[in-house]
Amino acid sequence: MNAFVLGGHGDTMVPVLSYSTINGIPVKDMAKIKGISEERLDAIVKRTRGGGGEIVALLGTGSAYYAPATSAIAMAEAYLGDQKRILPCAVEVNGKYGLDGLYVGVPAVIGADGCEDVIEIELSDEERANLGVSVDAVKELLTACKALDSSLA
């Protein structure tokens, strides 16, 4: 399985089914082959969005370390080895996806210079709208943080 999400972290993140594959077969095609309904795919997307909260609820305090640690290791290896690896990362986006100066999750090329490029993928209208909702949630969180600590402004 190869999949990723865009946007902020949490219930507004955007699983991108159009770029998700199972052994190279697009997820939507595999669903048709296996007789999985659109409703079931929607339920999987919903569970993906809430997966972090589900894990914390099941495991309790201190449980939200595995995925971030694994991601940090992958990014460090890409940076230290100048791998030019495309990873889903929260990076500053300037100009792509219609964003400027905002940190959100997007596919990024990670190499010796850090984030060397942001890859702007083609999104469906629904995916673009969902990304907009996620970006708005990130902006609201940023505004709330700035209200708590003016040094963040």
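**Close-up 1. Cysteine 115, partly exposed in this predicted model.** Cysteine 115 has a relative accessible area of 35%, so it counts as partly exposed. Its closest cysteine sulfur belongs to cysteine 89, and at 7.1 Å that is too far for a bond. A disulfide would need the two sulfur atoms within 2.5 Å. Cysteine 145 is partly exposed as well, at 32% relative accessibility. Searching the whole structure turns up 0 disulfides.

**Close-up 2. The largest nonpolar core, with 23 residues.** Leu6, Tyr97, Val104, Val106, Ile121, Leu123 and Leu131 are the residues with the most contacts inside this core. Two or more residues each come from α4 (66-80), β5 (85-94), β6 (100-111) and α5 (125-148).

**Close-up 3. Tyrosine 97 and the residues it touches.** Skip the neighbours within four places in sequence, and tyrosine 97 is still in contact with Val106, Pro107, Val118, Ile119, Glu120, Ile121, Leu123, Arg128 and Leu131. Apart from the core that tyrosine 97 belongs to, there's another one, of 5 residues, including Leu17, Val27, Ala31 and Leu41.

Close-up 4. Zoom in on leucine 58, and you're in helix α3, residues 51-59. Buried or exposed, which is leucine 58? Its relative accessible area is 67%, and the cut-off for exposed is over 50%, so leucine 58 is exposed.

Technical notes:
Residues are numbered from 1 along each chain as its sequence is written. This is a predicted model: local features need pLDDT of at least 70, side-chain atom pairs count only at pLDDT 80 or more; totals for chains, interfaces and linings use all residues. Side-chain values use heavy atoms; hydrogens and water are left out. Helices (H or I, at least four residues) and strands (E, at least two) are DSSP runs, numbered from the N terminus. Buried means under 20% relative accessible area, exposed over 50%, partly exposed in between (1.4 Å probe, protein chains only). A nonpolar core is a set of buried Ala, Val, Leu, Ile, Met, Phe, Trp, Tyr and Cys residues joined through side-chain atoms within 4.5 Å. Contact means heavy atoms within 4.5 Å.
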